[in-house]
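Dear colleague,

I am passing on a structure that I would like you to look at alongside my notes. Please open it first and keep it beside you as you read.

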Amino acid sequence: MMSKKTTILERISSKESLYSAWKKLNKTNKTSRGLSNVSVKEFESNLHKHISEISEQLKAGLYEFGKVKGVTIDKKDGSPRPLRVPEIKDRLVHKVLALEFEELLTSKFNLKNQCSFAYQKGKGIVQAIVQMNIYYQQGYTVILEADIKKFFPSVNSDKLFLKIEDALPDNSVNTLFRKAVLQELGNIKELENKKVYEEHFKNSESGIPQGNSLSPLFANICLSDFDERMIQEDVKMVRYADDFIVMCKNKGEAQRAYNIAQEELTTKLGLHLYPIKEKTHELEKVSRILDPRGVSFSFLSVRFDGVRCWVNESKVESLISKIKRLSSMEERKGDPKAELYLLQCLVKIKNLLDGWIAAYYFIDIEKQILEIDKHVDVELYKLFTSFNFNLQTKDLIRITLKGKSNSRLGLNPIQRKFTGIPSCVKHLQKTRVGKDTIDELIATGLKLASLNLTLSS
């Protein structure tokens with residue numbers, strides 16, 4: 001006798017699925033809190049109880065999502081990016097839904113296509129930058145640089161939900177996943193006081209919320225028909241979420257690609273591209289047709305001049321600013337737990353550097369890493385002296401920072417080693433062991449392309 005086929009709700013509400021989702025949930029920031037003030041660490045301390053409760057509530061159709069906390073972070077152009085931070089229990093339900101939907105919908109919408117590189121296993125920024133280089137070496141040396149205006153808040157969620165529901169094998173979670181995406185803001189007054197509510201949160205209820213585990217998948221589903229159209233038109237697009245470039249052989253091809261993209265995005269999805277024009281200042285958002293050999297160009301924060309790839313200077317400056325903020329702890333000097341704060345600060349700086357190097361290890365960052373190391377040595381010296389460590393001047397080194405006329409005091413290599421934060425140069429070398437360089441990845445991609453295969457095959 002055949003066993004009864006389980007519904008989506010039955011699968012996501014099982015304790016096994018919830019535990020699996022918990023393991024895959026991003027829990028890097030253990031102190032992250034929603035409006036209820038329950039941290040990841042506190043939730044994890046009683047995980048078995050919480051998962052049992054969530055499982056029973058889901059099975060009974062009684063699970064209720066809480067309100068989300070609206071926050072903003074700075075984008076690369078300095079403007080605020082609105083995020084909606086859910087409670088940790090809601091984040092777990094989002095994740096278990098996202099994992100199930102990914103399994104059910106990836107092939108139906110051809111999400112692992114040759115254009116799309118974001119939010120997919122085995123693909124990411126490395127593969128996107130490599131593909132850009134491959135197309136360039138194949139003669140597609142004119143670039144259409146495009147960006148969708150306020151993509152996430154502008155998506156028509158009703159149309160997207162219907163598209164998803166039509167593709168699901170049953171309707172057992174239709175109401176649940178709609179509620180998961182359309183959670184209400186719980187700190188409107190605070191956002192109004194910060195003067196960010198009106199512009200960045202007020203009219204975004206119909207879009208896709210950033211900060212939700214379902215959002216990356218839903219973004220790719222929303223743009224799946226766009227991908228398909230560009231593939232049919234034989235357009236060499238590299239898309240990472242709402243950022244995309246098209247590699248072309250001439251300006252005419254680039255203009256044609258822009259027209260096709262505009263037709264597909266505007267007419268069918270109600271989204272809008274920035275117009276093609278020259279930038280009046282570096283941070284202005286526009287679409288451009290350019291030759292990277294003569295114009296400053298970056299994609300996914302990676303600079304490209306037709307030969308080399310390196311990190312956009314704004315990303316280096318952002319990293320250094322974060323390190324400076326972490327090392328500036330004047331308000332904690334008199335705290336009885338000063339040593340604990342110092343240890344936490346060192347761990348945060350190490351994690352920050354580890355993450356940055358892991359993101360950009362594959363491109364030409366040697367010179368930038370040397371400069372970052374100098375700043376780290378200077379900031380660590382400031383940090384330790386702010387906690388009254390008696391560091392002898394004769395043991396320190398003089399460091400000249402880029403763009404600064406006067407040298408600064410910083411830790412020497414032995415002192416740096418004892419902080420537990422290794423030299424960025426050495427960490428970069430260690431990270432690269434056993435991994436292909438960008439040149440090797442490009443060479444492999446070109447060989448595969450000659451056989452009509454792809455890097456992700």
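This is a predicted model: local features need pLDDT of at least 70, side-chain atom pairs count only at pLDDT 80 or more; totals for chains, interfaces and linings use all residues.

Residues are numbered from 1 along each chain as its sequence is written, and side-chain values use heavy atoms, with hydrogens and water left out.

Let me begin with the charged side chains. Side chains of opposite charge can pair when their charged atoms come close. A search of the whole structure finds 25 salt bridges, a salt bridge being a side-chain nitrogen of Lys or Arg within 4 Å of a carboxyl oxygen of Asp or Glu. One of them joins E366 and R432, whose closest N and O atoms are 2.4 Å apart. This pair links distant parts of the chain, since E366 lies in helix α17 (residues 366–386) and R432 in helix α19 (residues 424–432), 66 residues apart; helices here are DSSP runs of H or I with at least four residues, numbered from the N terminus. E366 is partly exposed at 36% relative accessibility, and R432 is also partly exposed, at 26%. For these words, buried means under 20% relative accessible area, exposed means over 50%, and partly exposed is in between, with a 1.4 Å probe and protein chains only.

Another salt bridge brings together D291 and R293, at 2.8 Å from N to O; D291 is partly exposed at 28%, whereas R293 is exposed at 57%. In a further one, D395 meets K394 at 3.4 Å, N to O. Salt bridges that share partners also join R229, E233, R256, E263, E264 and K268 into one network.

Turning to nonpolar residues, L340, L343 and V347 make a surface patch of about 260 Å². Such a patch is made of residues with over 30% relative accessible area and no salt bridge, where nonpolar side chains (Val, Leu, Ile, Met, Phe, Trp, Tyr) are joined within 5 Å and like charges within 9 Å; the areas come from the Shrake-Rupley method with a 1.4 Å probe, and for residues only the protein chains shown count as cover. L340 belongs to helix α16 (residues 338–360) and is partly exposed, at 44%.

Finally, is S55 buried or exposed? S55, in helix α4 (residues 47–59), is buried, with a relative accessible area of 0%. Leaving aside residues up to four places away in sequence, S55 touches S13, S14, K15 and L18, where contact means heavy atoms within 4.5 Å.

Key:
Helices (H or I, at least four residues) and strands (E, at least two) are DSSP runs, numbered from the N terminus.
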